[in-house]
Amino acid sequence: MAEHLEHTRNIGIMAHIDAGKTTATERILFYTGITHRMGEVHDGAAQMDWMVQEQERGITITSAATTTFWKYKNNDYKINIIDTPGHVDFTVEVERSLRVLDGAVAVFCAVSGVEPQSETVWRQANKYNVPRIAFVNKMDRVGADYFGVVDQIREKLKANPIPVQLPIGSEESFQGVIDLMLNKAVVWHDDETLGVRYSLEHIPDDMADEVAEWREKLVEAVAEHDDALLERYFEDPDSISAEEMEAVIRTATLNGTIVPVLCGSAFKNKGIQRLLDAIIAYLPSPIDKGSVTGIHPKTNDRIVREPDADVPLAALAFKIATDPFVGRLVYLRVYSGRLKPGMMVLNPRTGKKDRINRLYQMHANKQNPKEVIEAGDICGAVGLKEIKTGDTVSDINRPISLESMTFPEPVIGVAIEPKTQSDIDKLGNALGKLAEEDPTFRVKIDPDSGQTIISGMGELHLEILVDRLKREFGVECNQGQPQVAYKEALTISVLHREVFKKQTGGRGKFADILVEIGPADEGTTGLQFIDEIRGGNVPKEYIPALEKGFTMSMQNGPLAGFPLDSLKVVLKDGSFHPVDSDALSFQMVAQRAFRNATTKAKPIILEPIMASEVVTPEEYMGDVISDFNRRRGRIDGMESKAGARVIKAKVPLAENFGYVTVLRTLTSGRATSTTEFSHYEPVPPEMAEKIIENAKGIIHV
């Protein structure tokens, strides 16, 4: 069993939009024999971009999983690959993929280098301690600069990139790579075999000095990570073999102290086979990643599960998809034990049991049925009903809860209205399925206008969701103007007494509390409830009802009904009636206390601020900056990069709608921008009044 696990790799391919992730994945599928023709992103024929919207736009929206095989040093290896999106509106897809992967390939464009989204995905990989290798793609493009990208990885990502390959030529003359470990040139043949054939040749004479210099740097970097090799390095650097270097680089990559860097051109079919070799050589197997830790759902005791098929089951649901043929498909990473069709499993979050009807090994949106899936593997399961993204699937008799995932709150909403009566009937079902698939997508009914509001991570995110409603579920909708997801906060603490009395014919209602309500301590989210009552003035059994009352109230702030992210309530005193008091009375008194006290606590409105980065030719810089100033933007910094200027700014989301179109107009289509959510901050007072007025009116579609 362990033998099989050593020969498994669970990897993700991550990068900024347009660095060539999907093209690289397509080539991997071709060279490993999974596909017999190459799908091109620009033709809308990529295998992994199987959604209609992905093919039309040439971008990846959902992370697609596939399984392929590769022979390395006479052993067959299984590689489970997840191709993740690069667009910032879909970072949650990257986040949840990295949570279950053992290793990652970070793809960088040889021209653009480290871009904003490259930094975001790198931080996410750091968060989950995912070992990674770097692949500098697009070496055939004009302006390709391999060493420039290596420097950026060091400076911007604070990593330790070690080139294990050098490019032979660049731009039009890019022919292949130098393998620094073997000290050989790897040259691909441009013929009808589409890059399947390559040969190992002597190093070109004009590169001998450069290769000698970089090989020495590589040997030195490797020797630093191994004392025995360090001694030999000082005596005779040439005595260190390629196998010894590979073993040390593998260990250093697994513990995150080295990032091996390779290069190539996926589009021109160069460098992919050597990338596959590097995936096997340097990235971890499930055994290298070791055991997984969780807690017992009832006792909270710590439990450790080894990556072994013969121990109790522990798996994590990292994605849910609605498939037109098989229905609700749950993507699982199995950490221990084995899964079989017909098996009963437990969801520790709900405490309910579920039967697995069918199991599949995934290839994008096609499935191959499987009779058993064992520890260390990734699969799709049908039959799990109430499971959500981030839930654990465990053995019925030996339950375990693995650490779940946290997802960002949506920052933008839009009102939608079905066009016809038949659309109304289908809308609820369709929205429910989309919300199940995507944890950053929320649906709510506006209590004042009765309208359906859908919220997400950005304009593109909502556009794709409305498009999917139409295509996949046949629901036609009108949509309103985008709305910003404002929040409210309190700025001071107030002491407040609230008494709730209701006398009816029979038993009445009574509750009385003295509370201090104000902003939560720094770094705290949700309700921070502190019970300071001594002597039983409010019986302990009513405290949960008080907490529930305050928690429910936080959904509706005092100014304009926007939610509060955090709140501190200190219960100082209170009283109860032995007959008339009950849990409901205390829940009601909490809701009233919130309403009456928060208006005195100097509430403010908070707005989402976006971090924007624009890459523009020098001559348009003044226009771009003055446009940011018009949008209440703050310029954070400017730098030069490859003959262009990079402007970083923080801009309120409310001022940023339709920015891409404006930027194109300002710069004749020559500038590019990326925007992602940064933080919330108070709205200026003159804006706050307008926001409150709008919130109290009805949003028209």
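Modeller: Let me begin with two terms: contact means heavy atoms within 4.5 Å, and buried means under 20% relative accessible area, with exposed over 50% and partly exposed in between (1.4 Å probe, protein chains only). This is a predicted model, in which local features need pLDDT of at least 70 and side-chain atom pairs count only at pLDDT 80 or more, while totals for chains, interfaces and linings use all residues. Residues are numbered from 1 along each chain as its sequence is written, and side-chain values use heavy atoms, with hydrogens and water left out.

Colleague: What do the buried residues of α6 pack against?

Modeller: Helices (H or I, at least four residues) and strands (E, at least two) are DSSP runs, numbered from the N terminus. Helix α6 covers residues 146-156, and its buried residues are Tyr146, Gly148, Val149, Val150, Gln152 and Ile153. The buried residues of α6 pack against several strands, among them β4 (103-109), β5 (132-137) and β35 (634-641). Just after α6, lysine 158 has a positive phi of about 55°.

Colleague: Why is cysteine 109 called buried?

Modeller: The relative accessible area of cysteine 109 is 2%, and the limit is under 20%, so cysteine 109 counts as buried. Cysteine 379, at 0% relative accessibility, counts as buried by that rule too.

Colleague: How do you know that cysteine 109 is too far from the closest cysteine sulfur for a bond?

Modeller: A disulfide is a pair of cysteine sulfur atoms within 2.5 Å. The closest cysteine sulfur to that of cysteine 109 is in cysteine 263, 13 Å away, which is too far for a bond. By this rule the count of disulfides is zero.

Colleague: What makes strand β15 largely enclosed by the rest of the structure?

Modeller: Nine of the ten residues of β15 (residues 327-336) are buried, so the strand is largely enclosed. Two strands pair if DSSP finds at least two bridges between them, and five bridges join β15 to the antiparallel strand β22 (residues 378-382). One of these bridges has valine 330 with alanine 381 in β22 as its partner.

Colleague: Why is the protein called as compact as a globular protein of its length?

Modeller: The protein has 18 helices and 37 strands. Its radius of gyration (taken over C-alpha atoms) is set against the globule rule, 2.2 Å times the number of residues to the power 0.38. The value is 29 Å, close to the 27 Å that the rule gives for 701 residues, so the protein is as compact as a globular protein of that length.
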